[in-house]
Each structure stands twice: as structure tokens, then as C-alpha cells.
Amino acid sequence: MEKDPPRRMFTFQAKLNWRQVSCRPGWKAFSALFAAAFALVTGLVQPADADPLAVKVGVIHEAHSRETISILDIPPADDFIAGARMAMDDNNTTGRFLDQSFSVVDAKLAPGEDPIAPLKEMLADGVRFFIVDLPAAEVLAVADAARPSGALVFNAGAPDERLREEDCRANVIHVAPTRSMLTDGLAQYLIWKQWRRWLLVVGSHPEDQLLAEAYRRSAKKFGAKIVEERVYQDTGGGRRSDSGSVQVQRQMPVFTQNAPGYDVLVAADENDVFAGYLPYRTWDPRPVVGSAGLRPVSWDPSHELWGAAQLQSRFQRLFKRGMNARDNQAWVAMRLIGDAVAHTKSVDPKTIHDDILSPGFALGAFKGQGLTVRDWNQQLRQPILLTDGRGTVSVSPQEGFLHQTSELDTLGLDRPETKCKLH
């Protein structure tokens, strides 16, 4: 069927109507008024002749391990960068009315690959904002290499406490929650449930030990008791094998046998080696939390409260999958940049940095309240979602955990505890 005639018919009708109007008395005054109104509207909607304020954001991220217990947890090919790209589109939606344009320069690294080479290329190309998902040592290397140019770095991946404490940097804003924020969020809920006696099972990797230390601190902070700790040694081997379920069904009950009386098993397993095997397989019938079961996260594909369903549906439509925590952290980082640029009408990193840390700045991120940044260590305040992977079970901070400044500061190290001296 021909598609053009309706458009031609509409044009013809418009011309006919205009002729009819032009024959009436006063049509010249009417046409002048119409022309003035049309010029005003087009002046407001269409961009000015000047070039738009161009904001290039470098995204440097390392591919995450595909060795996971569940096939559902294998990182997608566009992991992390997808969130940055959707936020870029969101920024550009507003930017079209403000003569601002946002673009992403992507650098995906193999594990262990040096991030400094792509960083230098982007700096030479004029990039002054960077969103990174890298291990702690690489985050520091990027921050130090970017500092002479005045560039601003957004850590959207590494949860390490030391990046916000003894190794904090003035040119790094931390979007990813710390381990202590995650463990405090879970601990508050466990205390609210009166599950105060914990069996802590820790993996054998260094990251697992750091997570375990955060759980110990949270237990002491909120009044829980760790009745015993056990270490699960990673002996290698495939995590998804045909005989795995039989071996795990025999192993996990024995591994958790003869524990002192406990209310809940807390798993510290950042490398996804064993925690996923624990639910429904413990010797005693107890809930599993932490790295499996009920998990503390910054985001989950099942979260739909406070309008999050709209964000999730847009992400699903664009990328044909759910938005995971890393995607969301990249989205938040890009939106921080976009909101600050829109407010200040500047691309100067120092101006953007100061605006994000200003008292009046708050980012809406579908988590029930505006997100702000702690001025003492530049960590983003944010609620912690507690999820079972099917829905949001609860959100911390929990009711009754009070703070003199912000209840969000009950999560993680507070100002009096900080070792950070920004430099």
C-alpha cells in the first residue's frame, strides 16, 4: 500500500485552510502573530547555532570471570557498559534542550590488562570524565595518572574500603557501595529479625577475607554474635559439571555439620565458588544469607519499587536482558555527570566535582530517596537492597537505626571512623 498520499493530502488540506483564512479580514495581522509565535517556539525547541557543550566520558572496565555456579550469573558481553550507554541516552534527552551532548568512549580490558594505555589515549582526545570498573590497585593507578590533567574518576566497581580510607583520592567519586555498606545493610535486617547468632563461612580468596572482616565489624556494630567461622577452600575444578549436584549434595551437609547453635548462615564468597551451593543443603535447617540466599546489593534485575519498573523495562527493551548491579552503578555514575553538567552548564571537572558534593545535590535513582555524596570520603550514600533474586525482600537502612545526619550513614564507616585525608 502506498504510504505517501496521506502526507500529501494533509499538506494540501493545510494549504487550502490557509487560503481560506487569508481571504478573511485581518488575516495579515493574524499571519504576523502566527509567525511571531512560531519563531518563539522554534527558538525554544531547536538548538542554537553554537556548537553544543560536548561531554565525552571514558568507560574503562575489566571483563569479569565467567566461572560462576549458576549459568544465570555469567556476565553478559555488554556487562557494565550497557548501563553507561542507557544513562548517556538519558542525559542526551535532556541535553537536546540545553545544547549539551554526551558520548561514551569504551575500553574493555582483559583481566590483568594495563588500563593506563587506553586512559592516556582518551586524555589525549580530550576526555576528562572516567567511569571505571577495575580492581582496587588499577583504580588507584588510573586516578593517579588522570590527576595531572584534572580529570574526574568515578569508581563504579571496586568495593574496597581502602579506596575510601587510607588510599582515598580527591579526584575519585565512589559510586559502588563498600563491603561494609553491604554487610551493614544485611546486618540491620538480621538484627531486626532477631537472627543474632551467625555461622560465618568464608572463602579462601583475599577478597573473601576482606568481606569476612566487614561481616565481623557489622556483627560487633549491631550486636550480633558469630558463633563459629569456617573456611571453604577453593580447590579448583569446574563449577558447572554433570556430576556436580551429586557431589555437592553429599559435601555441603557434612561441611556444615556439628556447628554451635545458630540462627543464620552468613556466606562470604565474592568469587562465587561455594555460596550458591549452600541453600537447602545445610545440615541444620537454617536460612543462608550474604553471597547466596538473601543478598545485599546495590541493584537487582528484580527490583521494581519507587518507579524502578520503568527503568527496568527500558533497559530490557534496549539490551534484551535485566539490569544487574554493575549496569546500574555505571548508569548512576553517568547520571551524576549528566545532572551536574545540566545544572552548572560546564564541562570543567572541578566544577562538576564541586557541584556533586554540594549540599543541594541529590540524584533520583529509583531507590526511595535522593542519593548524595559524603564529603569526607566522596562515597555515594545509597540504600542497600536485600534480594533473593526474585524480588526485593527489604531495603536498608532499617526502621529504628537512627543517625544524627542521615540514616544512610548508618551503612558503612561513618565520619568519626574515617582515615581518609583527601589529596
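When the whole structure is searched, one disulfide turns up, and since this is a predicted model, I will describe that link as the model draws it. The partners are Cys168 and Cys420, whose sulfur atoms lie 2.2 Å apart, and the link between Cys168 and Cys420 is right-handed, with 100° about the S-S bond. This pair links distant parts of the chain, the two cysteines being 252 residues apart: Cys168 sits in the loop between strand 4 (152–155) and strand 5 (172–174), while Cys420 belongs to the segment after strand 12 (392–396). Are these two cysteines buried or exposed? Both Cys168 and Cys420 are buried.

Let me turn to a helix pair. Helix 10, residues 325–344, packs with helix 11, residues 349–356, at an angle of about 100°, and their axes are 9 Å apart. Because angles of 65 to 115 degrees count as roughly perpendicular, helix 10 is roughly perpendicular to helix 11. On the helix 10 side of the contact we have Leu336, Ala340, Val341, His343 and Thr344, and these meet Thr351, Ile352, Asp355 and Ile356 in helix 11.

Finally, a word on confidence. The mean pLDDT of the protein is 89, and 86% of its residues reach 70 or more. Over residues 1–48, however, pLDDT stays under 50, and for that stretch the model has eight contacts beyond four places in sequence.

Notes:
Residues numbered from 1 in each chain as written. Predicted model: local features only at pLDDT ≥ 70, side-chain atom pairs only at ≥ 80, totals over all residues. Heavy atoms only, no water. Disulfide = S-S within 2.5 Å. Helix = DSSP H or I, 4+ residues; strand = E, 2+ residues; numbered from the N terminus. Buried < 20%, exposed > 50% of the residue type's maximum accessible area, 1.4 Å probe, protein only. pLDDT = per-residue confidence, 0-100. Contact = heavy atoms within 4.5 Å. Axes fitted to C-alpha atoms, helices over the stretch in contact; angles between N-to-C directions. Parallel < 35°, antiparallel > 145°, perpendicular 65-115°, else oblique.
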